[in-house]
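Here's a quick briefing on one helix and the aromatic rings around it. Have the viewer open as you read.

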Amino acid sequence: MITSNNTTQKKWSVYLADDDVTDQEIFRDALKEIDTPLTLNVFNNGIDLLTRLENSDTLPEVIFLDLYMPKMDGSDCLIKMRENPLLDYVPIIVYSTEFDIDRIEELFEYGANRYLRKTASFDSLVSSLDRTFNSLKRNVNSAPALINIVV
C-alpha cells in the first residue's frame with residue numbers, strides 16, 4: 001500500500017495493469033513522490049484486471065493501463081472495460097511507451113480518458129503523475145488528454 005503524508009485529502013484507489021516488473025516498481029516509486037493519498041493494486045495483464053473488476057464490490061478511482069501485455073493487451077482490455085456501464089465514470093489512462101498520434105486517437109475513441117507516455121526519466125514520470133492526479137481531482141470526466149512531459 002502506498003500513502004502520502006497528507007491525510008486531509010480523499011484516498012484514491014489506483015489500479016495499474018502492466019506486465020513489466022521494473023515499470024511497476026518505477027510507477028510505484030513515482031506515486032510515492034506525489035501529494036495524493038492512495039493505494040495501488042497492480043495486475044500483470046488485462047485478464048487479471050478484468051477479473052478483479054468483475055469480482056469486486058468497489059471500483060478504483062482511476063485505472064492505468066499498459067498497451068502491450070500477455071494474455072490480453074491494453075486495447076482489448078480497454079474495449080472490454082468500456083462495455084461495462086459500471087466503469088463509465090472510472091477514468092482509464094493508457095500508460096505506454098508507444099507514441100503514435102493516430103494510435104492514441106484510436107485509444108481515445110475506444111474510451112481512454114488520458115494517455116500518459118512512459119519516459120526514461122523518473123522526474124518526468126513524477127511530474128506527469130502529479131499533473132494527472134491534479135487534473136482528475138478538478139474534473140474526472142474532462143476531455144481526453146495527452147500527457148507527455150520530458151524533463
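Which residues do ring pairs link into a cluster? They are Trp12, Phe27, Phe64, Tyr95 and Phe133. A heads-up: this is a predicted model, where local features need pLDDT of at least 70, side-chain atom pairs count only at pLDDT 80 or more, and totals for chains, interfaces and linings use all residues. Residues are numbered from 1 along each chain as its sequence is written, and side-chain values use heavy atoms, with hydrogens and water left out.

**Aromatic rings**

- Rings of Phe, Tyr and Trp (its six-membered ring) pair if their centres lie within 6.5 Å; planes under 30 degrees apart count as stacked, over 60 as edge-to-face and the rest as tilted.
- That rule gives 5 aromatic pairs.
- Take Phe27 and Phe64: their ring centres are 4.9 Å apart and the planes sit at 65°, so this pair is edge-to-face.
- The pair ties together distant parts of the chain, with Phe27 in helix α1 (residues 21-32) and Phe64 in strand β3 (residues 62-65), 37 residues apart.
- Helices (H or I, at least four residues) and strands (E, at least two) are DSSP runs, numbered from the N terminus.
- Phe27 counts as buried because its relative accessibility is 0%; buried means under 20% relative accessible area, exposed over 50%, partly exposed in between (1.4 Å probe, protein chains only).
- Phe64 is also at 0% relative accessibility, so it counts as buried.

**Helix α1**

- With 12 residues at 1.5 Å a residue, α1 should span 16 Å, and its end C-alpha atoms are 17 Å apart, which agrees; the expected span is 1.5 Å times one less than the number of residues.
- Its buried residues are Gln24, Phe27, Ala30 and Leu31.
- They cover an arc of only 130° around the axis, so they lie on the same side of α1; the arc is that of the directions from the helix axis to the C-beta atoms.
- The buried residues of α1 pack against β1 (12-17), β2 (38-43), β3, β4 (92-96) and α5 (122-138).

**Gln24**

- Gln24 is part of helix α1 and, at 8% relative accessibility, counts as buried.
- Its side chain makes a polar contact of 2.8 Å with that of Asn44 (a pair of N or O atoms within 3.5 Å; within protein, one must be able to donate a hydrogen and the other to accept it, and residues adjacent in sequence count only if both atoms are side-chain atoms).

Key. Contact means heavy atoms within 4.5 Å.
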